[in-house]
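Dear colleague,

I am passing on the structure we talked about, and my notes on it follow below. Please read them with the model open beside you.

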Amino acid sequence: MKKNGWILFLFIVLGLVAGALVARWLEPVQGLSFLTKPIVATWSPALDLYVLSFDFTLKLQLSLFSIVGAALAIWLYRKM
């Protein structure tokens, strides 16, 4: 299989999503709260030109499980 940047990007996104799902499933476990608590970053640019209005919101929630999922995805990509 030919490796390229898009495949790596896809692997990283899938790793982040998988890590976020694991974090959500393990959220009720009290002993793992430091691994499941997300750090939230939000960016909301807006533009109003009276004729045209533009609003965009980007919200990023990273937990340690998400970062582990992304690292695992990069490792799997390199093993391909």
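**Exposure, patch and pocket**

Val17 is partly exposed, with a relative accessible area of 43%, and its place is in helix H1. Before going further, please keep in mind that this is a predicted model. The mean pLDDT of the chain is 91, and 99% of its residues reach 70 or more. Within the chain, confidence is lowest in helix H2 (residues 33–36), where the mean is 86, and highest in strand S1 (residues 39–43), where the mean is 94.

To stay with Val17 for a moment, this residue and Phe65 are 48 residues apart in sequence, and their C-alpha atoms are 9.7 Å apart in space. Leu10 is also found in helix H1, and Leu10 too is partly exposed, at a relative accessible area of 45%. The C-alpha atoms of Leu10 and Leu32, which are 22 residues apart along the chain, are separated by 28 Å. Ile74, for its part, lies in helix H3 (residues 64–79) and counts as partly exposed, because its relative accessibility is 35% and this class runs between the limits of 20% and 50%. Between the C-alpha atoms of Ile74 and Phe9, 65 residues apart along the chain, the separation is 9.2 Å.

Turning to the surface, which residues form a nonpolar patch there? The patch is formed by Trp43, Leu47, Leu49, Tyr50, Val51, Leu52, Phe54, Phe56 and Leu58, which together have about 1100 Å² of accessible area.

- Trp43 lies in strand S1 and is exposed, because its relative accessible area is 51% and the exposed class begins over 50%. The C-alpha atoms of Trp43 and Lys59, 16 residues apart along the chain, are separated by 6.4 Å.
- Tyr50 is found in the loop between strand S2 (46–48) and strand S3 (53–55), and it counts as exposed at 82% relative accessibility.

The last item is the largest pocket, in which about 180 Å³ of space lies. Its lining is made up of Ala20, Leu21, Ala23, Arg24, Glu27, Thr36, Pro38, Gln61, Leu62, Ser63 and Ser66. Which elements each supply at least two residues of that lining? They are helix H1 (5–25) and strand S4, and H1 gives the most, with four residues.

With kind regards

Technical notes
Residues are numbered from 1 along each chain as its sequence is written. This is a predicted model: local features need pLDDT of at least 70, side-chain atom pairs count only at pLDDT 80 or more; totals for chains, interfaces and linings use all residues. Side-chain values use heavy atoms; hydrogens and water are left out. Patches are made of residues with over 30% relative accessible area and no salt bridge: like charges are joined within 9 Å, nonpolar side chains (Val, Leu, Ile, Met, Phe, Trp, Tyr) within 5 Å. Accessible areas come from the Shrake-Rupley method with a 1.4 Å probe; for residues, only the protein chains shown count as cover. A salt bridge is a side-chain nitrogen of Lys or Arg within 4 Å of a carboxyl oxygen of Asp or Glu. pLDDT is the predictor's confidence in each residue, from 0 to 100. On a 1 Å grid over the protein atoms alone, a cavity is a set of points where a 1.4 Å probe fits but cannot get out, and a pocket is an open set with protein on both sides within 12 Å along at least five of seven lines; lining residues have an atom within 4 Å of a point. Grid points are joined across faces, edges and corners, and a volume is the space filled by probe spheres set on the points. Buried means under 20% relative accessible area, exposed over 50%, partly exposed in between (1.4 Å probe, protein chains only).
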